[in-house]
Amino acid sequence: MDVRWGRVAAVAVIVSCVAYAPVAMTQLWPYASPGAPAFGEWIMGRMVSPEYVAEVVRDRIGPYGRSLVPLIVHSVLGGLLMLLGPLQYLSAVRRRRRLHRVAGVVFAVTVYASMAGAALYLARTAPEDAFSGAAFWVVLATILVGTVGSVTLGVLAALARFPDLHQRWMLLCYGYLMTAPLLRLEWGGLPWLFPGLSMAEINRIAVMHLGSVVVFGALLASRALDRRTPVPGVEGTWCPTPVLVAVHVAGAAGLAWITVALLDGPGPEGPRLLLGYLVPYAVTYAVMAARHARAGRRGAAWAREEWRLHLAALCLAPVFSAGATLVLERLVHLDAWTSLVAGVAIGCGVMAFAATWVVSLRVMRGREVPARRRERSPLGEPAELGI
């Protein structure tokens, strides 16, 4: 059953990526040449309304015009990445190693070039001038760092001959890249649930769960591709039950704080943002907890450990968000509401990166265990001592 649904999900993602590529490559045409056609705006205008799109174009002409060349580089290469991602997946599944390596080099270079364009745009744009406000600027900057960091660690894992870790980091990188098409799907879909809101208001709801959805998808893909029950040298757990209980308590306290803080927000926006955060968070938690429990019942030690580490990170995401809110308000000098929205929006994405890092350390540490055992004598003393 899981294999069948995994294939359905893979096909759905590939189709979505291929369909989104021309949207990404043409989305800045109206800003470079007013009135020029763009697939994304055309589709969005028919899904919602022409004015829904036109309002955004009018609002973005100034900020985008100051960084149009870097944005065009970013969007065109982003569309190319939507095509290279499925190629990487299919070449890996079909074991076309030479094609996979060549396409991987092209993919990594394209990520760096595309993110350089995004970085120039962010550097030239004041946070308050970003689409839907400074909170979105913080979210974009965080996604940029996560994308560059994950592709870099993926390349290093490949060079160090850790194919399982290479796979995890590259899937996480592609998850961050998938925030672009997912966001546009939400721009078109959420107005059905929240009619009458502008795209800027819809965008603030979407970013409350954007990071959590894409990193959760990357984790599901990683686990679907990793069929190993034990991993050599990986024994026990780095998150024993008392620690898991403690992070649940901390996470519950963090969720309570987020709930109260968002409900105290201005007007009806607070409850909308809270709904946009809590529902995906609850679904993600439920699936992770169920997979963790099922892996334990099947005796799949490695799967159980990975689910456990990511579950702990998810529990700590609200705690991280509380800390990030304080940092953004006190050190970055954003206003309290903007700091809260930005802190909550980036929590799950950042903690998933941290969890993948811990999983990587777990695997690398496990590789050292058999080597150390071989270096020791039967009595447990170092072999070079001659005992």
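This is a predicted model: local features need pLDDT of at least 70, side-chain atom pairs count only at pLDDT 80 or more; totals for chains, interfaces and linings use all residues.

User: How many residues does helix H6 have, and what span does it reach from its first C-alpha to its last?

Analyst: Helix H6 covers residues 97-124, which gives it 28 residues. At 1.5 Å a residue, a span of 40 Å is expected. The model comes close to that expectation, since the distance from the first C-alpha of H6 to its last is 40 Å.

User: Is Phe107 buried or exposed, and at what relative accessibility?

Analyst: Phe107 has its place in helix H6. Among the buried residues of that helix are Ala103, Gly104, Phe107, Ala108 and Val111. Buried means under 20% relative accessible area. Phe107 therefore counts as buried, at a relative accessibility of 3%.

User: What distance separates the C-alpha atoms of Phe107 and Gly85?

Analyst: Along the chain, Phe107 and Gly85 are 22 residues apart.

User: Which helix supplies the largest share of the lining of the second largest pocket?

Analyst: The second largest pocket has a volume of about 1100 Å³ and is lined by 46 residues. Nearest its centre lie Tyr20, Gln27, Ala180, Arg184 and Trp187. Several helices each supply at least two lining residues, including H1 (2-26), H5 (68-93) and H7 (134-159). The largest share, seven residues, comes from H9.

User: Which helices give two or more residues to the lining of the largest cavity?

Analyst: A search of the whole structure finds two cavities of 30 Å³ or more, and the largest cavity has a volume of about 110 Å³. Its lining consists of 13 residues, with Val215, Met288, Leu314, Cys348 and Ala352 nearest its centre. The elements that give two or more residues to this lining are H11 (210-225), H13 (269-298), H14 (301-330) and H15 (336-374).

User: Which residues form the nonpolar surface patch, and what is its area?

Analyst: One contributor is Phe39, which lies in helix H3 (residues 39-47). At 48% relative accessibility, Phe39 counts as partly exposed. Together, Phe39, Trp42, Ile43, Met47 and Val48 make a nonpolar surface patch of about 470 Å².

User: How far apart in sequence are the parts that Glu306 and Arg223 tie together?

Analyst: Side chains of opposite charge can pair when their charged atoms come close. Glu306 and Arg223 form a salt bridge, with their closest N and O atoms 2.8 Å apart. Because Glu306 lies in helix H14 and Arg223 in helix H11, the pair ties together parts that are 83 residues apart in sequence.

User: Which residues are linked with Arg223 in a network of salt bridges?

Analyst: The structure holds 11 salt bridges. Arg223 is buried, with a relative accessible area of 9%, and its side chain also meets that of Asp226 in a salt bridge (3.6 Å, N to O). Asp226 counts as buried as well, at 7% relative accessibility. The residues linked with Arg223 in the network are Asp164, Arg168, Asp226, Arg228 and Glu306.

User: Are Arg362 and Glu305 buried or exposed, and how many residues apart in sequence are the parts they tie together?

Analyst: The side chains of Arg362 and Glu305 meet in a salt bridge, at 3.0 Å from N to O. Arg362 lies in helix H15 and Glu305 in helix H14, so the pair ties together parts that are 57 residues apart in sequence. Arg362 is buried, with a relative accessible area of 3%, and Glu305 counts as buried at 2%.

User: Where is Ser132 found, and what is its phi?

Analyst: Most residues other than glycine have a negative phi. Ser132 is found in the loop between H6 and H7, and Ser132 is buried, with a relative accessible area of 14%. Its phi is a positive value, near 65°.

User: Is Arg161 buried or exposed, and what is its phi?

Analyst: Arg161 lies in the loop between H7 and H8. With a relative accessible area of 69%, Arg161 is exposed. Phi of Arg161 is positive in a residue other than glycine, with a value near 60°.

Definitions and conventions
Residues are numbered from 1 along each chain as its sequence is written. Side-chain values use heavy atoms; hydrogens and water are left out. Patches are made of residues with over 30% relative accessible area and no salt bridge: like charges are joined within 9 Å, nonpolar side chains (Val, Leu, Ile, Met, Phe, Trp, Tyr) within 5 Å. Accessible areas come from the Shrake-Rupley method with a 1.4 Å probe; for residues, only the protein chains shown count as cover. A salt bridge is a side-chain nitrogen of Lys or Arg within 4 Å of a carboxyl oxygen of Asp or Glu. Helices (H or I, at least four residues) and strands (E, at least two) are DSSP runs, numbered from the N terminus. Buried means under 20% relative accessible area, exposed over 50%, partly exposed in between (1.4 Å probe, protein chains only). The expected span of a helix is 1.5 Å times one less than its number of residues. On a 1 Å grid over the protein atoms alone, a cavity is a set of points where a 1.4 Å probe fits but cannot get out, and a pocket is an open set with protein on both sides within 12 Å along at least five of seven lines; lining residues have an atom within 4 Å of a point. Grid points are joined across faces, edges and corners, and a volume is the space filled by probe spheres set on the points.
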